[in-house]
Amino acid sequence: MTHPSTTDPAHRIEHLDGLRGLAALIVVITHFFAAFYPYSIFGSGSLRHTTWGVMLLYPPLGLLVAGHFAVCLFFLLSGYVLAAPLLARGSPWRDIVAAIIKRPVRLIGIVLATTLIAWVLRTLDVFQNHAAAQLSGSVWFESFWAPPAPAPLALAEQLLTQPFTIASAYNQPMWSIKRELLGSFLIYGILLFGQLRLIRWGLMLGAAYWFAGNFYQCFIIGLIIAEVRSWSFMRGTSIRLPTWLSVLLMVIVIICGSYPKYAVSYSMTPGSYWFAPPLDWLGGGWSMLAAIALFLLVLHAPSAQWLLTRRPVQFLGKVSYSMYGLHFLILGSISASVFVACQPHTGYSAATVLALTSLLLVTLLGAKVLHETVDRAFIVLSRGLGSYVRRLLSTTPARP
């Protein structure tokens with residue numbers, strides 16, 4: 001008998017949590033290299049501190065700094081995991097409406113917490129990214145936290161009126177959370193208005209075409225995969241990948257996932273890489289193709305599922321949202337401070353090792369605390385709100 005988490009879309013899938021955790025860790029590493037080894041991310045035109053930095057622009061090491069690939073994977077995962085449980089229950093409209101209402105509550109906790117932390121750090125002048133960027137030559141790293149922090153009342157007004165919009169001005173990675181929220185609404189909207197499978201397929205394909213080349217297409221592809229998986233499960237069939245196809249998908253992940261999105265965008269010509277031109281019709285381009293390949297591999301390969309359910313990976317999955325929201329603030333404050341203080345005494349390479357160590361340790365510790373205090377509270381709150389809305393919608397007024 002197969003474990004439900006590997007087949008039934010209605011169950012929480014632990015290996016997808018682990019996949020999300022690894023994707024978040026890739027984002028952390030990408031931002032570190034963009035700050036201290038900019039050539040390895042942006043290519044020519046950036047200061048080159050090592051001879052091995054160029055290796056991160058090509059497979060397989062490019063996967064370590066494939067931040068764009070990781071973001072595509074986030075959105076693809078969201079499209080799938082938001083839709084799969086609803087599809088397994090027949091997409092009841094009450095559940096969809098409840099999901100729409102509770103979704104902003106689920107996301108806003110980390111947005112508010114990290115925005116407040118960033119404001120405090122800016123007010124206390126703790127960020128040292130400008131000093132670090134002078135040594136590393138990272139124009140990208142120098143571009144953040146330049147203006148002074150606003151007054152408390154101005155911050156309060158921003159958080160009350162446009163929390164998801166203003167968050168990225170304080171904490172750059174939060175730009176994706178607004179996309180996450182809107183992409184969630186897109187998924188729920190298709191499910192709500194596509195109660196019949198034929199209509200739903202029309203909406204999905206139409207949305208995939210309409211959002212061609214846009215990140216929102218990633219959500220739609222995740223929804224389409226969830227639809228196919230749900231249909232397969234209801235028919236009592238399971239999909240097993242032959243070895244040759246698993247190997248092919250892994251090759252696609254390594255080659256396409258390593259695509260140096262930022263170097264190609266800013267300094268390299270598309271022909272500098274192995275494949276050109278860029279896939280303008282696919283949201284995320286080659287990175288998204290790699291995300292789809294990895295996602296299909298994880299869904300159908302037991303060995304990949306086993307790896308992603310190991311305890312350290314599961315820990316990363318549990319704190320992934322908190323880690324994603326917090327790491328950039330640690331990078332600009334503690335890690336940059338460690339680097340600036342150590343570089344004159346230890347040399348550049350040793351200082352970056354110490355900066356990376358501080359980034360990982362403080363981020364993981366802080367993410368655990370943030371998850372236990374803030375994120376978990378908003379998870380409970382959103383679930384309670386969802387249950388209340390479902391009960392409210394299920395109540396039929398008594399006839400006179």
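Analyst: Let's start in the core. Of the 121 residues in the largest nonpolar core, the ones that touch the most other members are Leu-16, Leu-19, Phe-36, Phe-69, Tyr-80, Met-288 and Phe-295. Helix H4, residues 67–88, gives the most to this core, with 15 residues. Bear in mind that this is a predicted model.

Phe-36 is a handy way in. Leaving aside residues up to four places away in sequence, Phe-36 touches His-49, Ala-132, Ser-136, Phe-141, Leu-331, Ser-335, Ala-336, Phe-339, Tyr-348, Thr-352 and Ala-355. Helix H6 (residues 129–136) and helix H18 (residues 320–346) have axes that come within 8 Å and cross at roughly 50°, so H6 counts as oblique to H18. The crossing of H6 past H18 is left-handed. On the H6 side the contact is made by Asn-129, Ala-131, Ala-132 and Leu-135, and on the H18 side by Gly-332, Ala-336, Phe-339, Val-340 and Gln-343. By class, that contact splits into six nonpolar, three polar and no charged residues.

Now for H10 and H11. Helix H10 (residues 175–193) packs on H11 at an angle of about 150°, with the axes 8 Å apart, which means H10 is roughly antiparallel to H11. H10 passes H11 in a right-handed crossing. Ile-190, Leu-191 and Phe-193 of H10 meet Ile-199, Arg-200, Leu-203, Met-204 and Ala-207 of H11. This contact has seven nonpolar residues, no polar ones and one charged residue.

Arg-200 belongs to helix H11, residues 197–210, and is buried, because its relative accessible area is 5%, under the 20% cut-off. Beyond residues up to four places away in sequence, Arg-200 touches Leu-87, Ser-91, Ile-190, Leu-191, Gly-194, Gln-195 and Glu-227.

One more helix pair: H8 (residues 152–161) and H9 (residues 163–170). Their axes come within 6 Å and cross at roughly 130°, so H8 is oblique to H9. Leu-155, Gln-158, Leu-159, Leu-160 and Thr-161 in H8 meet Pro-163, Ile-166 and Tyr-170 in H9. Here the tally is six nonpolar, two polar and no charged residues.

Most residues other than glycine have a negative phi, and most peptide bonds are trans. Pro-59 and Pro-60, though, are joined by a cis peptide bond, with omega about -5°; Pro-60 sits in the loop between helix H3 (39–42) and H4. Asp-125 has a positive phi, near 55°, and lies in the loop between helix H5 (93–123) and H6. Trp-145 also has a positive phi near 55°, this time in the loop between helix H7 (139–142) and H8.

Last stop, Ser-230. This residue is in helix H12, residues 216–234, and counts as buried at 4% relative accessibility. Ser-230 and Asp-95 are 135 residues apart along the chain, and their C-alpha atoms are separated by 17 Å.

Terms used: Residues numbered from 1 in each chain as written. Predicted model: local features only at pLDDT ≥ 70, side-chain atom pairs only at ≥ 80, totals over all residues. Heavy atoms only, no water. Helix = DSSP H or I, 4+ residues; strand = E, 2+ residues; numbered from the N terminus. Buried < 20%, exposed > 50% of the residue type's maximum accessible area, 1.4 Å probe, protein only. Contact = heavy atoms within 4.5 Å. Axes fitted to C-alpha atoms, helices over the stretch in contact; angles between N-to-C directions. Parallel < 35°, antiparallel > 145°, perpendicular 65-115°, else oblique. Left-handed = near helix turned anticlockwise from the far one by under 90°. Nonpolar A, V, L, I, M, F, W, Y, C, P; charged D, E, K, R; others polar. Core = buried A, V, L, I, M, F, W, Y, C linked by side-chain atoms within 4.5 Å.
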